[in-house]
Amino acid sequence: IFRQMAGSVHAKHIQCALGPAVQANSSIEDAWELLMTEADGYDPLSRFSLVFAGDRPVGYIAFENLDTSVKDVASIAEPIPADGLVSADTPVLEVAKLFSKESPHFYFVLQESHITGTIHYEELLGPQFKLCLFALTLELETTALDLALKDPAASWSVLSEGRKRKAMLAYNARYSREPD
């Protein structure tokens, strides 16, 4: 059950939202104005925006890359790499495996046929991923307890004297009697 709990948190649950969509033929000034106007309640530097040619995404831009020396947004748009996409339904434990020194700095989240957000390594430090790790820790503890209870006398005999004393003190404090 704990592994199922950990597996129920997906990429779509930890993704960072995208900035507003920008048309490829927009001027840099128009794109800057759009990104600043739409950034109500968030830092425009913290999000990527998709660049569209009509209704098809052709790349992405970051606010800090807007350069007034170029003609239009298409000139600065970065292509969306195929290996930089992760399905929205990918469990976050699998997403965590994607990050390494050689991996991209972030991944785009693909929900059905639409890019809905991004995932940076930092998103793995949030409460949803910590919940997954906690569930796996509980699974490990449950498995250890099940193994210890298969042969309680043998399990007790391998404990150090200090651990046995602490266990006895905890038992006495909880039940106000000696254990059977």
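The lining of the largest pocket divides by class into 12 nonpolar, one polar and two charged residues. In this count Ala, Val, Leu, Ile, Met, Phe, Trp, Tyr, Cys and Pro are nonpolar, Asp, Glu, Lys and Arg are charged, and the others, Gly among them, are polar. The structure is a predicted model, in which local features need pLDDT of at least 70 and side-chain atom pairs count only at pLDDT 80 or more, while totals for chains, interfaces and linings use all residues. Residues are numbered from 1 along each chain as its sequence is written, and side-chain values use heavy atoms, with hydrogens and water left out.

The largest pocket has a volume of about 480 Å³. Of its 15 lining residues, the closest to the centre are Ala148, Trp156, Leu159, Arg163 and Ala167. The elements that give two or more residues to this lining are α5 (127-150), α6 (152-157) and α7 (161-175), and the largest share, six residues, comes from α7. Pockets and cavities are found on a 1 Å grid over the protein atoms alone: a pocket is an open set of points with protein on both sides within 12 Å along at least five of seven lines, a cavity is a set where a 1.4 Å probe fits but cannot get out, and lining residues have an atom within 4 Å of a point. Grid points are joined across faces, edges and corners, and a volume is the space filled by probe spheres set on the points. Helices (H or I, at least four residues) and strands (E, at least two) are DSSP runs, numbered from the N terminus.

Helix α7 has 15 residues and reaches 21 Å from its first C-alpha to its last, close to the 21 Å expected at 1.5 Å a residue; the expected span is 1.5 Å times one less than the number of residues. After α7 comes Ser176, with a positive phi near 55°.

The largest cavity holds about 40 Å³ of space, and its lining includes Gly19, Tyr42, Arg47, Ser49 and Phe63.

The strands can be considered next. Three of them form an open sheet of mixed pairing in the order β2-β3-β4, where two strands pair if DSSP finds at least two bridges between them. Its edge strands, each pairing on one side only, are β2 (22-23) and β4 (56-62). Strand β3 (residues 48-53) and β4 pair in the antiparallel sense over six bridges, and Phe52 stands opposite Pro57 in β4.

Another open sheet of mixed pairing has four strands in the order β1-β7-β6-β5, with β1 (16-17) and β5 (85-87) as edge strands. Strand β6 (residues 106-111) and β7 pair in the antiparallel sense over six bridges; Phe108 stands opposite Thr118 in β7.

Strand β7 (residues 114-120) also contains His120. His120 counts as buried because its relative accessibility is 10%, buried meaning under 20% relative accessible area, exposed over 50% and partly exposed in between (1.4 Å probe, protein chains only). Beyond its neighbours within four places in sequence, His120 is in contact (heavy atoms within 4.5 Å) with Phe48, Phe99, His105 and Phe106.

Ala6 lies in helix α1 (residues 2-7) and counts as buried because its relative accessibility is 0%. Not counting residues up to four places away in sequence, Ala6 touches Leu93, Cys132, Ala135 and Leu136.
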